[in-house]
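This briefing is meant to be read beside the sequence and the coordinates. It begins with pairs of charged side chains and then turns to the chain as a whole.

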Amino acid sequence: MDTSEFRKRGKEMVDYVADYMEGIERRQVYPDVEPGYLRPLIPAAAPQEPETFEDIINDVEKIIMPGVTHWHSPYFFAYFPTASSYPAMLADMLCGAIGCIGFSWIASPACTELEMVMMDWLGKMLELPEAFLAGEAGEGGGVIQGSASEATLVALLAARTKVTRWLQAASPELSPAAIMEKLVAYSSDQAHSSVERAGLIGGVKLKTIPSDDKFAMRASALQEALDSDKAAGLIPFFVVATLGTTSCCSFDNLLEIGPICNKENMWLHIDAAYAGSAFICPEFRHLLNGVEFADSFNFNPHKWLLVNFDCSAMWVKNRTELTGAFKLDPLYLKHSHQDSGLITDYRHWQIPLGRRFRSLKMWFVFRMYGVKGLQAYIRKHVQLSHEFEALVRQDPCFEICAEVTLGLVCFRLKGSNKLNEALLERINSAKKIHLVPCHLRDKLVLRFAICSRTVESAHVQHAWKHIKELAAELMRAEKV
């Protein structure tokens with residue numbers, strides 16, 4: 001493909017994408033395919049001779065689209081949102097064209113410097129404490145990770161390195177292995193499974209703290225676990241507080257947990273993967289109160305802030321505590337500006353070496369929507385979730401299972417878990433809308449998350465009508 005054909009095919013692809021997005025509502029949200037559907041539809045090996053663009057794009061519609069779950073359909077209410085906007089798509093095109101591998105400032109200065117500035121922009125939108133911003137001479141700063149899972153792991157590894165070095169400085173006879181076997185990390189029993197995975201990868205014990213009746217981690221339960229573990233000779237070093245849990249969007253009590261972590265010299269990491277986007281709205285900013293006690297904070301603009309995947313924003317108060325855990329400096333990666341203090345080399349902030357020019361997406365989206373446009377988008381989703389909540393509360397056959405704070409509604413049919421499993425099966429088998437479940441204590445619960453950029457009240461009303469009809473059929477069949 002030469003430049004002339006690229007111009008032609010690029011315009012065609014933009015038209016295809018625009019048509020897809022514009023017509024996504026007419027596509028079945030959840031595919032009909034069975035596991036293994038795709039392999040028989042394509043050759044067993046790559047072609048020896050070039051094929052035409054027309055053949056490839058035709059196969060996209062014939063082979064790929066039948067197996068796509070349409071996450072951006074206004075009838076997709078599963079998981080949490082994944083962001084999508086035209087400015088971000090355009091920025092991704094430019095990112096692909098520039099094609100730099102921005103592991104250090106010298107590898108592409110604009111890639112590093114734009115990320116530093118965009119993370120400061122976003123931090124200011126959230127009203128993060130000044131300590132988290134890089135500014136021109138700050139000790140903190142932000143970095144784009146690939147996912148919240150990576151951010152949690154990176155924070156845990158940095159905390160592990162920090163406490164190990166501190167203990168070895170105080171007691172040089174202690175080996176890293178002797179320290180490691182006594183380290184303990186903590187999270188709520190509502191924390192995402194990626195927190196447990198971080199503990200597994202980091203080789204440390206992770207203990208879950210029982211949440212309260214609002215599914216939040218509180219100081220008393222955390223302190224009880226700390227006292228017990230310290231009495232047993234263990235070393236508490238790391239706490240993950242979740243703001244907006246995956247199951248029900250509950251919020252750990254930062255104002256209680258934070259002072260304990262500071263007093264006990266434990267690293268406090270905040271995982272606000274979904275909910276963090278909402279904190280740009282003044283009416284939701286109080287949910288972040290207590291962030292001043294944290295060592296690191298993370299959320300995913302690629303969930304709810306119209307920046308396409310992948311873009312997970314992470315800040316630290318003291319970047320040397322993070323980079324000190326990962327810093328290796330082979331000669332072929334060194335450059336004369338790396339100790340200038342004005343810039344950073346992001347290879348020291350993450351697990352991989354290479355990284356894409358992801359801050360372009362933030363720059364395009366923030367400029368083309370403006371803060372007010374992003375706030376309006378968040379508010380619309382929250383309004384729609386409360387609309388769905390009101391519909392559920394009006395029906396005596398259903399119940400709301402957790403407080404509705406942002407864009408997630410947890411609900412169920414009054415009755416057994418088996419009844420709700422059957423309802424969910426009917427909903428997803430009909431393939432008109434898509435939902436996923438969760439467990440809250442001993443109850444199986446249905447999650448209704450407002451996800452699509454194009455979802456409107458009519459889609460929410462249609463979804464509720466559909467759910468009610470399927471529930472009525474089920475109760476007639478079950479003679480409930």
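**Salt bridges and overall build**

The count comes to 25 salt bridges, a salt bridge being a side-chain nitrogen of Lys or Arg within 4 Å of a carboxyl oxygen of Asp or Glu. This is a predicted model, in which local features need pLDDT of at least 70 and side-chain atom pairs count only at pLDDT 80 or more, while totals for chains, interfaces and linings use all residues. Residues are numbered from 1 along each chain as its sequence is written, and side-chain values use heavy atoms, with hydrogens and water left out.

**The pair E456 and K380**

- A salt bridge joins the side chains of E456 and K380, with an N to O distance of 2.9 Å.
- E456 lies in the loop between β11 (443–449) and α14 (457–478) and K380 in helix α12 (residues 359–393), so this pair ties together parts that are 76 residues apart in sequence; helices (H or I, at least four residues) and strands (E, at least two) are DSSP runs, numbered from the N terminus.
- E456 counts as partly exposed at 38% relative accessibility, and K380 is likewise partly exposed, at 26%, where buried means under 20% relative accessible area, exposed over 50% and partly exposed in between (1.4 Å probe, protein chains only).

**The partners of E399**

- E399 forms a salt bridge with R412, whose closest N and O atoms are 3.2 Å apart.
- That pair links distant parts of the chain, 13 residues apart, with E399 in strand β8 (residues 398–400) and R412 in strand β9 (residues 408–413).
- R412 is buried, with a relative accessible area of 3%.
- E399 also meets K443 in a salt bridge (3.7 Å, N to O), and because E399 lies in strand β8 and K443 in strand β11, this pair ties together parts that are 44 residues apart in sequence.
- K443 is partly exposed, with a relative accessible area of 35%.

**A shared network**

- Salt bridges that share partners join E5, K8, R9, E12 and E54 into one network.

**The chain as a whole**

- The protein chain holds 14 helices and 11 strands, and 53% of its 480 residues count as buried.
- With 480 residues, a compact globule would have a radius of gyration near 23 Å, and the 24 Å of the protein chain agrees with this; the radius is taken over C-alpha atoms, and the globule rule is 2.2 Å times the number of residues to the power 0.38.
- Taken along the principal axes, the C-alpha atoms fill a box of roughly 70 × 65 × 45 Å.
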